Number of protein chains: 4
Amino acid sequence: MDMKRLGILTSGGDAPGMNAAIRAAVRTATRLGVQMVGYLDGYSGLVRGAFVELDDRAVGNIIQRGGTILGTSRCPEFLDPEVRAQAANQMKLDGIDGLIVIGGDGSFRGALALQDECGVAVAGLPGTIDNDVWGTEESIGFDTAVNTALLAIDQLRDTGESTGMMFFVEVMGRTSGAIALHTAVAGGAAGVVVPEAHAEIDHVIERIRETMAKGKRSHIIVVAEGDEAGGAFGVAPIIGKALDRPYRVVVLGHTQRG
Amino acid sequence: MDMKRLGILTSGGDAPGMNAAIRAAVRTATRLGVQMVGYLDGYSGLVRGAFVELDDRAVGNIIQRGGTILGTSRCPEFLDPEVRAQAANQMKLDGIDGLIVIGGDGSFRGALALQDECGVAVAGLPGTIDNDVWGTEESIGFDTAVNTALLAIDQLRDTGESTGMMFFVEVMGRTSGAIALHTAVAGGAAGVVVPEAHAEIDHVIERIRETMAKGKRSHIIVVAEGDEAGGAFGVAPIIGKALDRPYRVVVLGHTQRG
Amino acid sequence: MDMKRLGILTSGGDAPGMNAAIRAAVRTATRLGVQMVGYLDGYSGLVRGAFVELDDRAVGNIIQRGGTILGTSRCPEFLDPEVRAQAANQMKLDGIDGLIVIGGDGSFRGALALQDECGVAVAGLPGTIDNDVWGTEESIGFDTAVNTALLAIDQLRDTGESTGMMFFVEVMGRTSGAIALHTAVAGGAAGVVVPEAHAEIDHVIERIRETMAKGKRSHIIVVAEGDEAGGAFGVAPIIGKALDRPYRVVVLGHTQRG
Amino acid sequence: MDMKRLGILTSGGDAPGMNAAIRAAVRTATRLGVQMVGYLDGYSGLVRGAFVELDDRAVGNIIQRGGTILGTSRCPEFLDPEVRAQAANQMKLDGIDGLIVIGGDGSFRGALALQDECGVAVAGLPGTIDNDVWGTEESIGFDTAVNTALLAIDQLRDTGESTGMMFFVEVMGRTSGAIALHTAVAGGAAGVVVPEAHAEIDHVIERIRETMAKGKRSHIIVVAEGDEAGGAFGVAPIIGKALDRPYRVVVLGHTQRG
């Protein structure tokens, strides 16, 4: 099939690097003589047929910006096969031959359904800070999210040494502990608490007790927001009380998407 | 009075730049032929007579580190005049002629009492991220704390534009809105909530409503931790509900001291 | 005089913070019911009558960007009184009642001449990384330029300790040593070389020799680009040879304007 | 063979992450009941038998520091088989059963010779910002070096747009263009010049001419220090002259190792 005009959209949570991916797709397409349009706000733009033309200049000077110039959203109505059929139909009317989706797992399921049901050719670029796309070593945005969290840990380290406090750093990850785990290892944290594990809090307490006995004065514990104990504000009092130590909480939140 | 040997300590909350101040004091003293010792963990080291000798090499390579190499603590017992008299006595026994205190308001009150009651010559270097020392334009640590908060705002800005969310950023300041105010102005925040003011939440809501009407898609509100509404987690639901908008919270906490 | 419409321009070398200043000026004007236009590329836009309308949305999301959205240039022809008269005339034709100039010393001289000769009301905002505007404690951009240089010094410090090398860091400053001096003090450099001084290289050599004798292993020397010895690549071989030590050069250049 | 005591050293150019690698090795060894010693200043410490004991506390709080706490050097005498035999002998006398080498290609050749000739068990951790170790996807330090260069490019981008200048950014890489190439792609540079290629300067000129014709105002060219044209100061005048455009040079140098 000879494609002359493609759509691109960003979907789900935004991830740093999405703009760089949009730019790369557009510039490659241009070089190959393919036109590109960008759907606005994820699948909701696809459904509404809301798009902008994207040429080389339209993606100039965006490579370093966080977020996504196309906007993103979660679009529950796209779970409905009729809505997908309608979107595919609108694409044909607009002369758009295929779709590039930058997003995570859920966004890819929608894209696959669109392809299977409606024959729209789709390509997926894994773009999620959660790094939970099967078959992908590092999804777009993951590295930046981990590095943002590492910077915070570096900042806390000095003040922790000075005051002898424990710090709990909440990083993103509702169902994925990937950011938390990589941050904890790379930052030399005293412990890590993730959604995928269940008995780790006792383990963290025990381990900190051991290192305190050896004279370690400062402890940083990384907590994924989605942990069952309720993120850092849920985990901190449990560990702080068990060890009878003063503690403070940092919630990095969306700074990791910037 | 000819001083041959001085003590230095850091007290209260630690502030970035305290190490640079220690280094500068030690190197200046050395050049003038004055010895320096560093009391450990603030006034509690002074009370216990716990100190280390500080020469030029001891303060090498610390200028860029956050926190304080001497440690710091709050020392409630130093509020007791008898404890202060005892500390002054111990200083004399150790041959220490004067004291340099790096800290904030409370630390300076302690230093002044020591001087007035016991005749110990003291000098104070304003070192607090809160910038609330009278007569000082910018206390040590304030600039770094504001810049750390600004970096977070820059990171949030892009993701806010992409998703249309409101972000509440909690900065330090139990009784002082200085960091919040400067961060809000320098970061172009949509609103700021500080301990010193009381009716500002309604004002912020109104102002955001106006800018939403003009098409502004993303709003960042800076909240001092000590605001009476309970920090960012207290303020966010009030404003989010009033405007019926999704929001997320970031708590920067001690990263601002790094 | 009742002003209804003002022009604003950025002139000379660009400085980080110029966009924040443009934004602040525009938003304040809007609130007061005054229209604003932005002249493009400094005085050359004024001469050509090339400007864009600036309302609140036009300056949205620019506060954190380096450089200037209006562009800047040096405009030698504006030294000619006839060119200035013509520019003032064009302003009147375009219904622009006054001019805000963000720039340094040279830009201000042009603005003053415009006011004195042609009766155009002008206001100046000191915007230059060189911090050389008389009567201004810190010009817009200076703080960022110093902090960029300090980050480089922090990065060099660790590698210097590891390898025992000397590093020469060239910072901006053709005629002004302000960035160099502040960077050297704040970064704990072993020496500083500036355009305003002439015999300091020998002094730096002597001082490093002393600290080497005391065991200091790593030395960072900050050099202003405009030093008569020819910037860091001019100074480094002189000092390196005198001390018989390996050295490397870093040239920060325009990264300080970002 | 049952090992009770291992040596570790860092060799060649230092790379950010070497300290994290030392820490990880020591902590793992400790957990397994193996003692560790650190040789000072690379192979020269091994030859001299100069080492320090490394326990868990000795590697505390170093994970975030650039450079290497053990020091590093190039050690030409280790090319001599007799020197290697002597070093192996000294290791036996000191009761050290094996050696971990963190370094690049040259360091690994020395380690292999030590193993082949003298039967010393060696393990290598690829630690070099050049990413030129065969069989390794990303060597320790490469990611940080690229990210440091990317930050510089982000800073230049805004000022480039404002002034219409070309910027040449020299990154490390005497024989390897890996940092330059990755930086150029990730930073969206207009061109890249590396030691491995020879006719690329003409190609860069042609490509910039094309994008200038399309209205692109700002161009950033990444140059590896080892390019045959002589680094950025060699390449810049050639390209600047060919295109008749003003340009500036940035030399990042050792900041990439911090």
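Which residues does D:Arg84 touch, not counting residues up to four places away in sequence? The answer is D:Phe78, D:Leu79, D:Gly110, D:Ala113, D:Leu114, D:Glu117 and D:Cys118, where contact means heavy atoms within 4.5 Å. This is a predicted model, in which local features need pLDDT of at least 70 and side-chain atom pairs count only at pLDDT 80 or more, while totals for chains, interfaces and linings use all residues. Residues are numbered from 1 along each chain as its sequence is written, chains are lettered from A and ligands numbered from 1 in the order in which they are written, and side-chain values use heavy atoms, with hydrogens and water left out.

**Chain A as a whole**

- Chain A has 8 helices and 9 strands; helices (H or I, at least four residues) and strands (E, at least two) are DSSP runs, numbered from the N terminus.
- Taken along the principal axes, the C-alpha atoms of chain A fill a box of roughly 70 × 35 × 25 Å.
- Chain A has 258 residues, and 57% of them count as buried; buried means under 20% relative accessible area, exposed over 50%, and partly exposed in between, with a 1.4 Å probe and protein chains only.
- Look at contacts in chain A between residues at least 6 apart in sequence: 73% of them join residues at least 24 apart.

**A sheet in chain A**

- In chain A, 5 strands form an open sheet in the order E3-E2-E1-E4-E5, with mixed pairing; two strands pair if DSSP finds at least two bridges between them.
- Strand E3 (51-53) and strand E5 (121-126) of chain A are the edge strands, and each pairs on one side only.
- On average, neighbouring strands of this sheet are turned by 25° against each other, direction ignored; axes are lines fitted to C-alpha atoms, for helices over the stretch in contact, and angles run from 0 to 180 degrees between N-to-C directions.
- Strand E1 (residues 5-10) and strand E2 (residues 35-39) of chain A run parallel and are joined by 4 bridges, and A:Arg5 stands opposite A:Gln35 in E2(A).
- Helix H4 (residues 105-118) of chain A lies across strand E4 (98-103) and E5 of chain A, and runs at about 165° to E5(A).

**A buried strand in chain D**

- Is strand E8 (residues 219-224) of chain D buried or exposed? Here 6 of the 6 residues are buried, so E8(D) is largely enclosed by the rest of the structure.
- In a regular strand the side chains alternate between the two faces of the sheet.
- D:His219, D:Ile221 and D:Val223 point one way from E8(D), while D:Ile220, D:Val222 and D:Ala224 point the other way.
- Strand E6 (residues 166-171) of chain D runs parallel to E8(D) and is joined to it by 6 bridges, with D:Met166 opposite D:His219.
- Strand E7 (residues 191-193) of chain D also runs parallel to E8(D), through 3 bridges, and D:Val193 has D:Val223 as its bridge partner.
- From E7(D) the chain crosses through helix H7 (residues 200-213) of chain D to E8(D) in a right-handed β-α-β crossover; right-handed means that, with the strands pointing away from the viewer, the path from the first strand over the helix to the second runs clockwise.

**Back to D:Arg84 and its helix**

- D:Arg84 sits in helix H3 (residues 81-93) of chain D and is buried, with a relative accessible area of 8%.
- H3(D) packs against helix H4 (residues 105-118) of chain D at an angle of about 75°, with their axes 10 Å apart.
- That makes H3(D) roughly perpendicular to H4(D); angles under 35 degrees count as roughly parallel, over 145 as roughly antiparallel, 65 to 115 as roughly perpendicular and the rest as oblique.
- Residues making this contact include D:Pro81, D:Arg84 and D:Ala85 of H3(D), and D:Gly110 and D:Ala113 of H4(D).

**Backbone angles to look at**

- Most residues other than glycine have a negative phi.
- A:Asp41, which is not a glycine, has a positive phi of about 60°, and A:Asp41 is found in the loop between E2 and helix H2 (43-48) of chain A.
- C:Asn131 has a positive phi near 50° and lies in the loop between strand E5 (121-126) and helix H5 (142-163) of chain C.
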